[in-house]
Amino acid sequence: MTRTDAAAPPIRLLVADDEHLIRGALVALLDLEPDIEIVASADTGTSAVAQAVAARPDVCLLDLEMPDADGVEAAARILATVPTRVVIVTRHARPGVLRRALAAKVSGFVPKSTPAESLADVIRDVAAGRRYIDPEIAAAALTAERCPLTDRELDALRYSRSTLSVQQIAERLHLAQGTVRNYLSAAMTKLDAASRHEAAEKAWQQGWI
């Protein structure tokens, strides 16, 4: 279904996905819609932020799993600087991710299995100021375990999914090493994990980071 107002300008869309084939397919299919215009594309979270700032799209369609910054992180950065709306698409909807997305003021959240025509309708709804959350993802989020970790504990675990040392994590967070160790220790205790890497993996599986 397309908009009936032929005089209305097209919805200016940014598409970001690190998988070239999927990004290309999304661009090709959505560009066939007469009321949607692709104005930018990106293959990393950081690039998506830069492209959004440059192109000022009406809607940003962001993959959840991207290098540099995931879709939620990219959305938060974009929405802090650009008057746009964001739809997140994901292959694996981990329970806590929707809560993170809603906290970041994301307007849409859909699985990658969504047909192109339905995705186009979601983009139209979001561009019109409405919100769309896939019902199955919403139901899973309602029954998901609440995150017991503080924001700083989550920050420390987020960096722990990389190869960074505690010293490097402390530098990134502008904190003392001892403080970071305390955050990691507290997170490990709360998640019953034997190491910071195990704690980080558990937090990631839940969608908290």
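How many salt bridges does the structure hold? The structure holds 14 salt bridges (a side-chain nitrogen of Lys or Arg within 4 Å of a carboxyl oxygen of Asp or Glu). The model is predicted: local features need pLDDT of at least 70, side-chain atom pairs count only at pLDDT 80 or more, and totals for chains, interfaces and linings use all residues. Residues are numbered from 1 along each chain as its sequence is written, and side-chain values use heavy atoms, with hydrogens and water left out.

**View A. Gly45 in helix 2.**
Gly45 belongs to helix 2, residues 45–55. Helices (H or I, at least four residues) and strands (E, at least two) are DSSP runs, numbered from the N terminus. Gly45 is buried, at a relative accessible area of 0%. Buried means under 20% relative accessible area, exposed over 50%, and partly exposed in between (1.4 Å probe, protein chains only). Leaving aside neighbours within four places in sequence, Gly45 is in contact (heavy atoms within 4.5 Å) with Met66, Pro67, Ala69 and Ala74. Ile123 is 78 residues from Gly45 along the chain, and their C-alpha atoms are separated by 19 Å.

**View B. Helix 2 against helix 3.**
Helix 2 and helix 3 (residues 71–81) pack at about 20°, with axes 9 Å apart. Axes are lines fitted to C-alpha atoms, for helices over the stretch in contact, and angles run from 0 to 180 degrees between N-to-C directions. The two helices are therefore roughly parallel. Angles under 35 degrees count as roughly parallel, over 145 as roughly antiparallel, 65 to 115 as roughly perpendicular and the rest as oblique. The crossing of helix 2 and helix 3 is right-handed. A crossing is right-handed if the near helix is turned clockwise from the far one by less than a right angle, and left-handed if anticlockwise. Gly45, Thr46, Ala48, Val49, Ala52 and Val53 of helix 2 meet Ala74, Arg77, Ile78 and Thr81 of helix 3. By class, this contact has six nonpolar, three polar and one charged residues. Ala, Val, Leu, Ile, Met, Phe, Trp, Tyr, Cys and Pro count as nonpolar, Asp, Glu, Lys and Arg as charged, and the others, Gly among them, as polar.

**View C. Helix 9 against helix 10.**
Helix 9 (residues 177–191) and helix 10 (residues 196–206) pack at about 60°, with axes 9 Å apart. That makes helix 9 oblique to helix 10. Their crossing is left-handed. Leu184, Met188 and Leu191 of helix 9 touch Arg196, Ala199, Lys202 and Ala203 of helix 10. The contact has five nonpolar, no polar and two charged residues.

**View D. The Arg91–Glu19 salt bridge.**
Side chains of opposite charge can pair when their charged atoms come close. Arg91 and Glu19 form a salt bridge at 3.0 Å, N to O. Arg91 lies in the loop between strand 4 (85–90) and helix 4 (97–103), and Glu19 in the loop between strand 1 (11–16) and helix 1 (20–30), so the pair ties together parts 72 residues apart in sequence. Arg91 is partly exposed at 48%, and Glu19 is partly exposed at 31%.

**View E. The Arg100–Asp70 salt bridge.**
The side chains of Arg100 and Asp70 meet at 3.2 Å, N to O. Arg100 sits in helix 4 and Asp70 in the loop between strand 3 (59–63) and helix 3, 30 residues apart. Arg100 is buried at 15%, and Asp70 is buried at 9%.
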